Amino acid sequence: MKKAIAIIVSVACVAFTLTTLGIKCAGKIQDSKPAKYIFLFIGDGMGHAQASLAESYLSYQEGTPGNSQLLFTTFPVLGTCFTYSASSLVTDSSAAGTAIATGTKTNNSYLGVDPDGNPVYSFADDLKEMGYNIGIYSSVPVNHATPASFYGHNISRNGYYEISKDMIPADYNFYGGANFLQFKGKEGEPNTEEYLEANGYQVAFGQAEFDEIKSTSDRVVLLAEPRTKQASQYVSDEAENQETMLLADMTRNCLDFLGDEKPFFIMCEGGEIDYMCHADKTMPTVEAIYKFNDAIQVAYDFYLKHPKQTLIVVTADHETGGLTLGAEPLSYAIDWAPLEKQWLEAGQVNDLSPEENRTLNESCGIAWTTTHHTGAPVPIYAIGKGAQKFAGRKADNQPFGNLSDPDGRVRIWRKESRLLQCGRAQLQRHYSLTLLQEGVGGGKLQRTYPQVPQLQRDIQGL
Ligand SMILES: [Zn+2]
C-alpha cells in the first residue's frame with residue numbers, strides 16, 4: 001500500500017479561509033453554504049441542438065411525436081451560457097474549461113492560465129480547502145482539455161505530459177479518463193504511471209485493477225481502458241471493446257471511492273460527444289449523449305437519497321459542429337430510419353466519406369455547418385441545493401463559482417510546493433496555498449494580482 005501524500009496547508013491560509021467562511025455564514029448559515037455533494041457534468045460540444053437531437057431520436061424510438069426527454073433536460077432550472085474566450089468568439093475546450101473552472105477568461109489553447117500566462121486555480125481548490133473530496137474524470141483522456149482545466153496550468157493544452165504532472169500539486173482524490181495522452185513522457189523521464197506512483201497516486205487500468213487497490217489507497221487515477229489499450233487516443237465503442245468502462249460505471253466508481261461521509265465535488269465530462277460532433281456523425285452523437293445521460297442518472301439516484309444536500313449542474317463548454325435540426329431538401333421533418341440503419345450496420349466507426357456523411361445527414365433532415373466549434377450558446381440544467389443560481393443568461397466564467405460559494409466569490413490562490421525528505425530517502429511533497437485575492441466576478445480579477453515569472457513560456461521556449 002502506498003501512503004498518501006501528506007498535505008500541509010499553511011496556518012495563515014486556513015485561518016483566512018475560516019474567517020472568510022465566518023463572514024459569509026454570519027446570519028445565514030444554512031443558505032450560504034454550498035451543497036455538501038456537488039456534481040458538475042460537462043457535455044463537451046453539447047449545445048441545445050445536440051440535446052434536442054438525442055431527444056428527437058428517443059422520441060422516434062418510443063414511437064411518440066415530438067421530443068421525449070432525457071433525464072437532465074427534466075431538471076427544473078434552465079440557464080443559457082455564452083462561451084466566448086478572451087481571444088475569440090468561438091472558444092476551444094481549454095479556454096472554456098478554464099473559464100468554467102477558474103472564472104477567468106483566457107485565450108484559446110491556454111489551460112489554467114490567464115491571457116498573460118499566469119496560473120489561475122479552480123474552484124475545486126476552494127472546495128478542497130473547505131474539506132471536500134474531489135473527483136475529476138472524463139470519457140476521453142484524463143489529461144485532455146476539459147478535465148485538465150481543473151488541475152493543469154500550461155499555455156499549451158497539448159503539453160499533455162507536463163499537464164499530467166500537474167495532478168500531483170492539485171492533489172485531488174480521484175482522477176479518471178479513458179487513458180493518458182503522451183503516456184510515455186519525454187526521453188529520460190519516467191512514464192506517466194511511474195511519475196504519478198512515485199508521487200503518491202495509484203494508477204488503475206480498468207475495473208479489475210481498480211477493485212484491487214480502491215480500499216487501500218486514498219489517491220487514485222482510474223483509466224477506463226485496459227492497460228493494453230493505452231496507446232489508443234479515443235474512447236472505444238463498447239460494442240467493439242467490451243473492456244472499456246462506461247461513463248456511468250466511472251461515476252459509480254468515483255462515488256464508491258469518495259463515499260458520502262465527507263462532502264465532495266465531482267466533475268464528469270462526456271468528452272466523446274465533442275469527438276463525434278467534430279466528425280459530424282449524427283447517430284454516434286446521439287449514442288454519446290445517451291451515455292452521458294446514463295452517468296447523470298447515477299448522480300440523480302444519489303440526489304434522490306440526499307435531496308437537500310446535493311446539487312447537480314449539467315452544461316457544455318461550447319457547441320461543436322453547428323448542428324441543426326432541419327435541412328434541405330427535406331422540409332419540416334427528420335427521417336431517422338436511414339440514419340439508424342447506417343449506424344446499426346456500421347457502428348461508430350462508419351467509413352463514410354465526409355461528403356457521403358453530409359449527404360446522408362441532409363437527406364434525413366440533419367445539417368452540420370462545420371467540423372469545428374461554434375459560438376452558439378449552450379444550456380445549463382440544474383437541480384438541487386442552490387440550483388436556482390444557474391437560471392438565466394450567463395457567461396461561462398460567471399456561474400460556476402457558485403458551486404463553491406453561493407455568493408459567487410472567486411478566489412485566486414498562489415500554490416507552492418516543495419519536496420521534503422521524510423526518512424529512509426522517502427520524498428514527500430508538501431503544499432502551501434496563499435490566498436492572493438478574492439471577489440465577485442472572476443474575470444475582472446484576472447489582471448490585478450501579482451505577476452509571476454512566466455515559467456510556462458520559458459519552459460516551452462515560446
Ligand atoms: Zn470542448
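This is a predicted model: local features need pLDDT of at least 70, side-chain atom pairs count only at pLDDT 80 or more; totals for chains, interfaces and linings use all residues.
Which residue in strand 6 is the bridge partner of Val203? Residues are numbered from 1 along each chain as its sequence is written.

The bridge partner of Val203 is Val221 in strand 6. Strands (E, at least two residues) and helices (H or I, at least four) are DSSP runs numbered from the N terminus. Strand 5 and strand 6 (residues 220-223) pair in the parallel sense over 4 bridges, pairing being assigned if DSSP finds at least two bridges between two strands. An open sheet of 10 strands with mixed pairing has the order 5-6-4-3-7-1-8-13-2-14. Its edges are strand 5 (202-205) and strand 14 (392-395), each of which pairs on one side only.

Within strand 1 (residues 37-43) lies Ile38. This residue, Ile38, counts as buried because it has 28 C-beta neighbours inside 10 Å; the category requires 20 or more other C-beta atoms within 10 Å of the residue's own, with C-beta atoms placed from the backbone. Contacts, defined by such C-beta atoms lying within 7 Å, link Ile38 to Phe265, Leu311 and Leu403, residues up to four places away in sequence not being counted. Ile38 and Ile134, 96 residues apart in sequence, are separated by 9.7 Å in space, C-alpha to C-alpha.

Helix 3 (residues 93-102) is largely enclosed by the rest of the structure, because 10 of its 10 residues are buried. Among them are Ser93, Gly97 and Ile100. Gly103, with a positive phi near 80°, follows helix 3.

Definitions and conventions:
A residue is buried if 20 or more other C-beta atoms lie within 10 Å of its own, exposed if 12 or fewer, and partly exposed in between; C-beta atoms are placed from the backbone. Two residues are in contact if their C-beta atoms, placed from the backbone, lie within 7 Å.
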